[in-house]
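Subject: Structure handover

Hello,

The structure is below, for you to keep alongside your notes.

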Amino acid sequence: MKAAAFNYQKASSVDEVLNLLIKNGDNAKLIAGGQSLLPSLNMRLSNPEILIDLQGVEELKGITEHNGVIRIGAMTTHTEIQDSDIIQKHLPILHQAVPHIAHRAIRNLGTWGGSCVYADPAAEWPACALALDAVMVIAGSNGQRRVAAKDFFLDLYTTALQENELLVATEFTLSKYTSVDYFDELSRRHGDYAVTGIVCHLELDQGIIAKSRVVYFSVASTPVLAEGVQALLQSKTLQDLSQTTFIEQAREMAKSEIMTLSDLTNSAHMKKHLVGVLLERALQHITA
Ligand SMILES: Cc1cc2nc3c(=O)[nH]c(=O)nc-3n(C[C@H](O)[C@H](O)[C@H](O)COP(=O)(O)OP(=O)(O)OC[C@H]3O[C@@H](n4cnc5c(N)ncnc54)[C@H](O)[C@@H]3O)c2cc1C
């Protein structure tokens with residue numbers, strides 16, 4: 001199928017985007033890389049009268065580091081994140097995650113912001129944002145507001161963005177502690193969306209876990225924090241994590257606390273099994 005006819009306007013600033021959103025209301029749709037939006041237009045799942053193109057808005061692009069905060073502009077592509085020295089040095093978990101997102105051609109066009117706002121529960125970026133306690137920077141007619149990632153991903157394909165708002169960037173505050181990260185996902189073929197995935201981010205203060213984030217994705221309607229597992233990890237050493245009894249306890253905790261939902265091809269039961277498998281692998285890898 002082909003998309004229904006629509007008007008098109010390429011914006012060149014955030015202010016222009018906001019004015020176009022206010023002028024066109026529900027009839028308008030923002031387009032970033034188009035990698036999720038265009039298929040939905042072609043399938044006529046969405047039928048906007050006007051597309052507002054963000055490609056010309058330079059202030060939404062790029063990755064910067066300032067005063068211990070890394071900022072990824074909403075229009076930064078997946079490939080730019082993969083190729084960034086700042087990301088490799090300070091947020092290596094994002095660098096590890098990129099190759100799991102679709103294929104190179106899609107990564108060259110798809111954007112950080114498009115992925116976060118689309119909020120597919122199987123997508124890698126929302127899970128990483130949650131694991132790194134990221135802050136989403138949102139622009140609207142009343143100026144900018146900041147929303148923690150844990151409050152941004154509300155439900156299936158639903159975020160805290162309100163009418164006539166756009167995501168401008170995401171910010172990550174660097175920790176003073178040493179961090180240990182792990183990313184893994186199981187998918188049927190390389191480039192497919194994950195059947196189930198895990199992101200772990202541990203911060204160690206002199207060898208003791210001071211803070212941990214264990215996030216699962218493609219298990220429910222949003223990425224999910226494994227808070228019970230995080231409580232088990234608190235104040236442990238990496239040596240503690242390598243003990244067979246600890247691994248078993250953590251795996252059972254994860255399986256009991258993560259309420260998995262089935263998707264089109266995978267049962268909730270299988271996803272629950274994979275929740276345990278992925279945590280066991282994560283702990284073995286982190287402590288190897
Ligand atoms: C075959 C295929 C396989 C894929 N596999 C994966 C995968 O494994 N993992 C994965 O994570 N993704 C995958 N994707 C999706 C891909 O990552 C997309 O790039 C991403 O989901 C959307 O980014 P985009 O820039 O293309 O956004 P678009 O498609 O342009 O927009 C998506 C939605 O976000 C809105 N939007 C975009 N930017 C903003 C903004 N700044 N503020 C407010 N609203 C905004 C749009 O209005 C639209 O509703 C796949 C896509 C395809 C086609």
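By class, the shell around the ligand holds 15 nonpolar, 11 polar and 3 charged residues. Here Ala, Val, Leu, Ile, Met, Phe, Trp, Tyr, Cys and Pro count as nonpolar, Asp, Glu, Lys and Arg as charged, and the others, Gly among them, as polar. This is a predicted model, where local features need pLDDT of at least 70 and side-chain atom pairs pLDDT 80 or more, while totals for chains, interfaces and linings use all residues. Residues are numbered from 1 along each chain as its sequence is written, and side-chain values use heavy atoms, without hydrogens or water.

The ligand is surrounded by 29 residues (a heavy atom within 4 Å); the closest are Leu30, Gln35, Leu37, Thr111 and Glu124.

- Leu30: a backbone N or O atom, 2.5 Å from an oxygen atom of the ligand
- Gly33: a backbone N or O atom, 2.9 Å from an oxygen atom of the ligand
- Ser36: a polar side-chain atom, 2.8 Å from an oxygen atom of the ligand

On its own the ligand has 970 Å² of accessible area (Shrake-Rupley method, 1.4 Å probe), and the protein covers 88% of that.

Now the rings. There are 5 aromatic pairs in the structure (ring centres within 6.5 Å). In one of them, Phe152 and Phe153 sit edge-to-face (planes over 60 degrees apart), at 5.1 Å centre to centre and 90 degrees between the planes.

Regards

Note on methods: Polar contact = N/O pair within 3.5 Å; in protein donor to acceptor, adjacent residues only side chain to side chain. Phe/Tyr/Trp six-rings, centres within 6.5 Å; stacked < 30°, edge-to-face > 60°.
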